Amino acid sequence: MQYHPLIAFFVEQGVPVQTVLLLLMLPVIATLVAFFRQVIGIKAFGIYTPSIITFALLAFDPNGVKYGIAIFVSVIVVGMLARFVLKRFRLLYLPRVAITLSIISLAILIILVIGGMYQRTGLAAVSIFPLLIMITLAEKFVATQIEKGSRAAFILAVETLIISVIGYFLVSWHALTALILHFPWIILFTFLINFSLGKWTGLRVTEYFRFRKITRYL
Amino acid sequence: MFDFFKKSQGLLGMNARNLDYIRPSNRKRGMEIADSKLLCKHLLKKNGLSVPELIAKIKSHEDLEQFDFATLPNSFALKPNRGFGGEGIIIVYGRKKPARNAAPENSTENPLQKSITNNYQGNAQAGALDREAGEWIKADGSVITVDDLKSHIRNILDGSFSLSNIPDIAFFEERLKLLKLFKPYTYKGIPDIRVIVYNRVPVMAMLRLPTKHSDGKANLQQGAIGVGIDLATGTTTTAILGKGHIIEYVPGTRMVLSGIKIPYWKDILRMAIDAQAISHLGFLGADIAIDRERGPVVLELNARPGLSIQLANFSGLKGRLNRVKGLKIKTTDRGIRVGMNLFGGEIEEEIEELSGKRVIGTVEKVKLIGKDGKEIEVEAKIDTGAFSTSIDTDLAKELGFEDVINYFNSLELPKNFSREEAGSIEASLRKKYIGAHPDLADIVIIYSSHGMSMRPKVKISAMLDQVELSLLANIIERDELSKKVIVGRKNLGRFLIDVNKVSTAYAKNV
């Protein structure tokens with residue numbers, strides 16, 4: 001593969017090409033999240049969570065989606081169970097989140113051990129950081145549960161997962177990575193796209209759906 | 001398909017709301033007022049608008065420790081200052097009375113209550129009694145203790161219910177009392193009226209009714225009912241449940257949601273516009289409730305009003321906002337007039353003006369005024385196939401005609417006669433019995449699809465669409481029928497009947 005001279009220069013200076021690529025990909029992912037919010041209407045947990053989960057999925061490679069989704073779902077399920085259990089104790093916010101996080105990390109540990117027992121060490125072999133990122137997702141989840149209820153939190157979690165998986169496929173799409181390494185300037189287009197998204201006042205796709213029942217009366 | 005997109009142009013979406021309306025119209029100061037219920041309450045009150053009275057506020061954990069729960073009245077609402085979407089609000093209906101068998105030596109309950117509350121602070125023995133002193137009943141009938149309230153207040157203080165978890169203030173305010181008119185439509189809680197005001201013109205409004213599903217909260221996201229309102233008349237039109245399910249009745253009942261006349265309508269619009277002037281929110285959603293004793297009060301102001309109001313009204317906000325944009329509205333009265341003229345049911349009014357007659361639907365609410373002035377509002381079938389007006393026996397009894405019904409039933413009435421004889425029998429019955437009982441105005445023999453029946457007639461006054469009627473109604477069992485009253489041709493001379501009126505939306509939907 002042929003790098004753009006600028007990328008080649010970065011690599012020569014000792015910045016790993018993987019790092020360069022990920023940093024250049026961040027604007028693409030952020031734009032994707034913004035697009036999903038403004039045009040499609042899929043909310044997810046803000047912009048940080050779906051972006052970071054996308055990178056966590058990448059770090060789980062070569063089985064990113066499989067392991068990533070498994071861990072993500074485990075975190076959410078355990079998080080919901082923990083809320084169910086902790087509800088009756090009426091704890092203050094931070095201690096409650098702390099307990100939830102602890103329960104989740106223990107659960108993940110158990111999952112890794114069980115995986116090992118069945119000779120599925122692929123999961124245990126991945127770096128700890130993507131795992132930690134996934135676990136801390138629980139805070140966002142618990143906060144949303146308190147603010148908007150379990151149902152809304154669950155929907156937002158699913159939306160986050162959808163955006164992250166799409167982001168994952170986008171970032172691991174070889175044509176795109178090659179394009180960016182070859183013409184790094186094209187990421188400047190994301191500014192243009194985000195600028196137009198920022199001025200976009202049309203209805204979102206989900207809003208067409210939301211108002212579909214009354215459009216005939218308008 | 002193309003038509004679909006074209007029609008959707010009148011709808012206001014999130015993007016346009018934020019960019020075109022909230023951003024340019026709602027300055028930081030206005031947002032602060034809307035986001036802090038206490039500040040909002042203070043400012044509105046200072047400017048002469050009624051608001052629910054503040055009982056106490058708790059600013060910190062220290063305040064909480066020192067707060068004497070015994071000073072709370074029997075009913076109150078506990079709210080987070082910066083809560084949103086109706087979250088974190090606890091409404092308490094009354095103090096729980098101590099169980100009788102738990103304290104048999106106390107013949108009256110109040111002294112016990114008092115002694116407990118006196119002991120409440122710090123006293124060692126109060127600890128055991130504490131539970132009984134500080135127990136209240138919530139909207140759903142469940143019990144809430146002082147400990148529950150404290151824990152809830154701690155959650156509020158820690159910011160569990162505020163945006164991005166910033167520490168918050170908890171406050172108690174007076175609980176509003178439900179208006180009788182709304183009672184049959186409401187499950188617990190208090191309905192409120194959301195009015196969107198832009199450029200000093202009310203552009204859209206909806207009545208929000210709490211349901212069982214919404215846990216007594218008037219919040220559509222939580223499953224309340226939203227009913228659209230015709231701005232000119234303050235009469236409800238179409239309705240949705242929760243996030244957009246179109247309905248015609250209150251779920252589980254036969255209460256029609258359209259045609260409810262909201263009292264104090266002009267005052268409500270006036271308050272909404274005044275609240276806009278006070279808060280400097282160019283694009284405002286004012287929530288106004290009606291208290292049984294105090295009339296309309298402003299509950300809170302929203303700088304980011306939701307979009308569901310469009311669903312409830314079957315109408316787009318964007319189209320309406322565009323029509324109001326750039327108008328120079330100098331006074332509140334002018335704002336009310338413009339809103340009423342632009343967004344009210346012009347067609348109906350025009351017909352009414354031309355013909356001098358009221359336009360009504362096939363099902364209308366009728367207020368019957370009974371013998372001793374007792375008023376009962378029911379839904380009546382407007383039936384041009386019937387000559388006279390009939391009302392159900394039970395309803396007539398409720399209205400104070402029990403005596404005459406019993407009298408009529410005690411009469412020996414002829415049976416088994418031919419239809420030819422009916423006229424003479426009717427005449428002879430009239431001769432014999434009219435005047436015998438003060439309420440018996442007439443006796444009629446009626447042939448209907450159910451066969452022949454003899455019915456007593458009584459005089460009764462009624463209000464139908466603001467027109468006072470003096471009815472001569474016959475009384476008959478209408479148990480198995482959904483409407484307890486039929487209004488017949490004889491009493492409909494001053495009306496025009498529009499068969500589509502009540503259920504326009506529903507009919508099209510089916």
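This is a predicted model: local features need pLDDT of at least 70, side-chain atom pairs count only at pLDDT 80 or more; totals for chains, interfaces and linings use all residues.
Is Lys28(B) buried or exposed? Lys28(B) is exposed, because its relative accessible area is 64%, and the cut-off for that word is over 50%. Good morning.

The side chain of Lys28(B) forms a salt bridge with that of Glu32(B), with 3.9 Å from N to O. Both residues belong to helix H3 of chain B, which covers residues 28–35, and they are four residues apart, about one turn of the helix. Glu32(B) has a relative accessibility of 35% and therefore counts as partly exposed.

Glu426(B), at 17% relative accessibility, counts as buried. Arg430(B), with a relative accessible area of 30%, is partly exposed.

I now turn to the sheet. In general, the strands of a sheet pair through backbone hydrogen bonds, either parallel or antiparallel. Here, seven strands of chain B form an open sheet with antiparallel pairing, in the order S11-S10-S9-S8-S7-S12-S13. At its edges are strand S11 (245–247) and strand S13 (295–302) of chain B, each of which pairs on one side only. On average, neighbouring strands of this sheet are turned by 30 degrees against each other, direction ignored.

Within this sheet, what joins strand S7 to strand S12 of chain B? Seven bridges do so, between residues 192–198 of S7 and residues 283–291 of S12, and the two strands run antiparallel. Val197(B), for instance, stands opposite Leu284(B) in S12(B). Helix H11 of chain B, residues 317–324, lies across S7, S8 and S12 of that chain, at about 150 degrees to S8(B).

The side chains of Asp287(B) and Arg194(B) meet at 2.5 Å, N to O. Asp287(B) lies in strand S12 and Arg194(B) in strand S7 of chain B, so this pair links distant parts of the chain, 93 residues apart. Asp287(B) counts as buried, at 2% relative accessibility, and Arg194(B) is buried as well, with a relative accessible area of 7%.

To conclude, a search of the whole structure finds 16 salt bridges over all chains. Thank you for your attention.

Technical notes: Residues are numbered from 1 along each chain as its sequence is written. Chains are lettered from A and ligands numbered from 1 in the order in which they are written. Side-chain values use heavy atoms; hydrogens and water are left out. Two strands pair if DSSP finds at least two bridges between them. Axes are lines fitted to C-alpha atoms, for helices over the stretch in contact, and angles run from 0 to 180 degrees between N-to-C directions. Contact means heavy atoms within 4.5 Å. A salt bridge is a side-chain nitrogen of Lys or Arg within 4 Å of a carboxyl oxygen of Asp or Glu. Buried means under 20% relative accessible area, exposed over 50%, partly exposed in between (1.4 Å probe, protein chains only).
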